[in-house]
Structures are given as C-alpha cells and as structure tokens.
Amino acid sequence: MPELVFFRRGEEVLKVGLGLERMVLGRGDKSDVVIPDPEVSRQQVALTFDGTQCTLEDLSGKGTSVAGTPMTRGVLADGVDLRLGQWSAVFRLHGGGQTEGPTEIGSHTEAQPRESVSRWQPAQVRVRQGANETVHKLQADSFTVGKDPSCDLVVQDPFISSRHLKVVRREGNFQVVDTNSTNGTWLGAVRVFEVQVGLPTTLRVGETDLILEPVTAVRREQAFHGLIGNDMAVRQLVDLIQRVAPSTAAVAILGESGTGKELVARALHECSQRAGKPFIPVNCAAISKELIESELFGHEKGSFTGATNARKGAFEEADGGTLFLDEIGELPLDLQAKLLRALESGEIKRVGASRPMNVDVRVVAATNRDLLSSVREGRFREDLYYRLCVVPLHLPPLRSRRGDILALAENFLRMYTPRGQTVRLSTAALERLQQHAWPGNIRELRNVVHRALLLRKGASIEASDITFDQEVNRETGVAVPELPPGMTLEQMLLKLERQIVEAALRRYNNNRERVARELGVARSTLFKRLKEWGLTRQEEEPES
C-alpha cells in the first residue's frame with residue numbers, strides 16, 4: 001500500500017497510508033490529515049490512488065510544491081517529496097518495511113532514537129481521562145476501541161464513536177485505523193485516518209488519551225489501574241479490590257473527599273467479569289432532588305413537564321456493567337426505598353411507566369459521610385446501609401501515606417507537563433509538599449502540582465512555586481506562607497517586612513521616597529528599617 005511519510009525539521013514524525021479513497025491534506029479540521037501550519041491552506045491538496053498510480057490535485061489555488069516545483073495536478077513519482085509549510089512528506093508507492101525501526105511520533109526539537117520493538121514485546125494501553133487512568137494489557141494482535149459494548153476496549157466518552165478505531169500489531173509497529181469516527185483520531189495536533197506508530201505513542205480520541213506503551217516492571221509496581229502508591233494501606237486496598245472484584249457483592253467505598261473513590265470504583269469494574277460492559281458514574285449530590293429519580297431510573301415521554309422524549313436512566317445504561325453512585329449519603333429518603341428495591345430484585349421502573357423492567361447491574365457506592373451516624377439520625381435507611389455495605393473499602397487520607405506523595409506528584413507532573421519538556425521537583429519543593437496537612441487529599445495535590453507548573457520560573461519547581469488553597473486570603477487574594485519550624489511569629493513578620501521593602505526598592509529603582517509613599521509609611525520609618533538591615537551607606541543619617 002502506498003504511503004506518505006511526513007517530516008518536520010528533518011525528523012520523521014508520521015506515516016499515513018493511502019487507500020483507494022480520495023485523501024485531503026490541509027489546515028482545516030475537515031481535512032483527512034490536518035497539518036497545523038499557518039502557511040498551509042485549509043484544504044491544500046487532494047491525493048487519489050487508483051490502485052496503480054497516485055494523482056495529486058492542488059486545492060489551494062497557489063500550487064503545491066512537489067520536488068521543489070509548484071504543481072496543480074499530476075501523477076506522483078515514487079520517492080518524490082511534497083512541501084507543506086514547515087512540513088515535508090515523501091510519497092512511497094510501496095509503503096511498509098522501509099525503515100529500520102518504529103516511526104517517531106510527535107513534534108520534538110531533537111530526534112530521540114528508539115530501540116526496535118519486538119513483535120511479541122508485552123504491550124498495554126493506558127486509558128487516561130482527566131485524572132483517572134486505567135491500564136489494559138494487550139492479549140491479541142488487534143483490538144477495537146469505542147463506546148459500543150462489542151468493542152474490545154470500551155471507553156465511555158461522549159465524543160467517541162460507537163466503533164471509533166482499530167489497532168493492529170504489525171511486526172515491531174502498530175497500525176492505527178480510524179473507522180470513520182465523527183470527531184477523529186489525533187496524534188498531537190494532527191488528525192489521522194491510518195497511521196503506523198511505535199511504542200510509546202499517545203492517541204487522542206474525544207476527551208480521552210490512549211497511550212500505547214510497553215509493559216514495564218516499574219509501572220506494574222507503581223500503578224494498579226491508576227492507583228499509585230506503596231503504602232501498606234494502599235497495598236491492602238489493592239489486595240481487597242482483586243479479591244472482591246470477581247464477585248457480584250455490593251461495595252461501599254468510604255473515605256474523605258479527594259481520596260480517589262471513583263478511581264477505586266473503576267478498578268473494581270476493570271478487574272471484574274463486567275470489564276467489557278459500561279461503567280456509569282452518577283454523583284447523587286450534583287443532581288437536583290426533582291431530577292435524580294429520572295437520572296437513575298429514566299422516564300417515559302410526557303411523564304413530566306419537559307419530558308419530550310423517553311430516556312434511559314443510569315440503571316439501564318449500566319445494564320450488564322457497573323453503576324457507581326458517588327455521594328450516596330445525599331440520596332433523598334424516598335428514593336432510597338426505590339434503590340433498595342432495585343438492588344434486591346433487579347427491577348426498576350421509569351418515571352411514568354406502567355411496568356417495571358429487569359436489569360443486571362452491580363452497584364458500587366461511595367461517600368465521605370459517616371453513614372451509620374446518618375442512620376441513627378434517620379437520614380439514611382438502615383436496611384439500605386447494610387445492603388450497600390456488604391464489602392466496605394476504606395480509603396486512607398493522603399496525610400497518613402506521606403511516603404506516596406512523591407510518586408503521586410511525579411505522576412501529576414507527567415500528566416500536565418507540556419509535551420517535549422521535562423520538569424522536576426526540587427528537594428525544597430518536595431519537603432514543602434511533605435510538610436503540608438493535605439485536607440483536600442489527592443485532589444488538592446493534583447491542583448497544587450498543576451498550579452506550580454504554571455507559576456514556575458525555570459525548568460524545575462521550587463518551594464516558592466508551591467502555594468496551597470488554604471494559604472490564600474479570601475479578601476486580599478494574597479498567598480499566606482506557612483510558619484517555618486523553629487521560627488516565631490515575630491521573626492516571620494520581620495522577615496516578611498524586609499522582603500516586601502526590598503521588593504519595592506527593586507521595583508521603584510531604589511527611589512526611597514516613592515517606596516515610602518507606596519507602602520504608606522513615613523520616610524523616617526523606612527530609613528530606620530533600612531539602617532537596621534544594613535541597607536544604607538555610612539554617610540547617610542536618619543531623617544528627623
């Protein structure tokens with residue numbers, strides 16, 4: 001099969017196979033291959049292969065550079081090069097097996113050679129959706145990805161098609177074929193329909209990253225379906241997940257906000273016999289009391305104002321799979337009885353329906369509340385409590401597993417660092433992270449690392465780049481530093497005063513009159529402070 005091999009700044013970055021259909025290259029989103037370059041027209045050129053030869057048709061009206069000469073229409077010779085802005089592409093009539101190793105993917109400033117990848121090297125797909133990650137080992141030579149339950153890898157993403165793409169192992173590489181998806185398959189900023197890639201490679205589909213990568217012992221030890229940590233409590237949690245997941249027992253995940261309850265629920269689903277079926281999360285606290293019944297059980301057309309069409313609820317969508325009910329303690333009492341019936345009999349009834357229906361759903365609930373206290377106060381049904389808490393899983397707060405802070409922080413660094421850059425935590429920054437109380441747990445750590453990446457001044461994150469949510473004064477918006485160990489409040493205030501004055505002196509080019517005016521202090525007071533700090537010349541005397 002013929003192919004185009006793309007180069008940017010002399011580096012091979014992409015291979016695109018040419019089928020018998022017309023292929024359009026350009027800057028616009030509707031092109032088959034999107035080239036992110038302002039010098040390229042929205043639809044630059046079309047290539048048509050008839051099984052014997054490939055014909056080029058310029059669509060820009062300016063001609064497309066072929067072998068250094070503008071061409072409006074013609075047959076491409078084997079090995080000829082096309083120029084598309086800063087990108088160049090070589091046309092190969094007989095593609096495949098032309099290069100020694102896997103194709104490099106991505107826009108890097110320097111080429112980084114990779115080792116060749118054996119056909120049978122263990123590989124896996126890491127599915128990343130925001131802060132959530134799951135890992136799937138590749139057992140066969142091909143797999144399909146999409147929302148449809150018949151796909152080998154089922155991904156719940158509103159912007160992914162039912163059957164989105166197919167990946168086939170080809171010797172040392174992987175061939176990725178987009179199966180006419182609506183929103184496309186992307187490699188960085190380039191939309192592709194068929195491409196040959198090596199390991200590791202990140203594909204973007206909808207709001208999800210699919211990372212093809214080799215299986216390494218380090219990753220197996222550090223992460224279990226996105227759960228990172230070597231703390232004893234985490235290891236015990238992973239062991240419980242592996243033992244409980246194959247059963248049909250209801251599981252309650254208990255822990256403070258931000259400890260990763262949904263991640264645990266997804267791990268339970270992925271380790272169960274239902275892994276190929278839907279995983280449907282519902283936040284009971286985020287839905288109004290008037291709509292939550294419809295969200296859970298669905299409704300019939302005309303059952304209430306605004307119900308213009310019949311709609312499936314979360315139970316029907318999760319049929320055969322797992323339903324994750326987060327913040328279960330917020331569920332109204334009248335709905336708790338209906339949920340109990342669904343759990344015990346497998347029967348649900350849409351709002352406005354005359355007949356119930358049966359569903360096969362495993363329910364995993366989560367809460368940061370003390371449900372037993374809610375039971376004693378009459379806010380939660382006792383029978384529902386015992387039905388949900390067949391197997392309770394307790395998630396430890398981050399402050400009790402400080403040994404995992406570095407691994408978690410480095411994971412968030414990898415997640416948010418711009419491609420092609422390497423950012424590290426300094427020793428002082430790590431010490432600052434270790435000293436924090438983490439009332440917001442892992443979610444707070446993720447936000448702190450993300451913010452530090454944006455605030456950093458160099459290639460590493462320093463202690464001064466790290467700010468915590470609790471340190472921001474709600475009235476002034478100014479970050480308030482923690483009191484260092486061994487320092488009194490008076491010493492800290494004096495230190496801050498000097499830092500503020502020195503910063504003002506630099507800002508106003510050592511104009512002391514301007515500094516005194518801006519800081520709202522008398523000139524004599526400012527001069528006195530400067531003399532105490534040794535910041536005046538000997539011949540200068542304090543002003544009266």
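Here is a short chat about the cavities and nonpolar cores of this predicted model.

Q: What kind of model is this, and how are residues numbered?
A: It's a predicted model, where local features need pLDDT of at least 70, side-chain atom pairs count only at pLDDT 80 or more, and totals for chains, interfaces and linings use all residues. Residues are numbered from 1 along each chain as its sequence is written, and side-chain values use heavy atoms, with hydrogens and water left out.

Q: OK, how many cavities of 30 Å³ or more turn up?
A: Three, from a search of the whole structure. A cavity here is a set of points, on a 1 Å grid over the protein atoms alone, where a 1.4 Å probe fits but cannot get out. Volume is the space filled by probe spheres set on the points, which are joined across faces, edges and corners.

Q: How much space is in the largest cavity?
A: About 180 Å³. It has 17 lining residues, and Gln129, Val154, Gln156, Arg266 and Glu270 are the closest to its centre. Lining residues have an atom within 4 Å of a point.

Q: Where does the largest cavity lie?
A: Between domain 2 (123-214) and domain 3 (226-394), because both give residues to its lining. The domain bounds come from an automatic or database domain assignment.

Q: Which element gives the largest share of that lining?
A: β13, with four residues. Strands are DSSP runs of E, at least two residues, and helices are runs of H or I, at least four, numbered from the N terminus.

Q: And Gln156, where is that?
A: Gln156 sits in the loop between β15 and β16 (165-170). Leaving out residues up to four places away in sequence, Gln156 touches Gln129, Lys147, Pro278 and Phe279; contact means heavy atoms within 4.5 Å.

Q: Why does Gln156 count as partly exposed?
A: Because its relative accessibility is 31%. Buried means under 20% relative accessible area, exposed over 50%, and partly exposed in between (1.4 Å probe, protein chains only).

Q: Switching topic: how many residues are in the largest nonpolar core?
A: The largest nonpolar core has 46, and Leu25 is one of those with the most contacts inside it. Domain 1 (2-93) and domain 2 (123-214) each supply at least three of its residues. A nonpolar core is a set of buried Ala, Val, Leu, Ile, Met, Phe, Trp, Tyr and Cys residues joined through side-chain atoms within 4.5 Å.

Q: What lies apart from that core?
A: Another core, of 32 residues, including Ile280 and Val363.

Note on methods. On a 1 Å grid over the protein atoms alone, a cavity is a set of points where a 1.4 Å probe fits but cannot get out, and a pocket is an open set with protein on both sides within 12 Å along at least five of seven lines; lining residues have an atom within 4 Å of a point.
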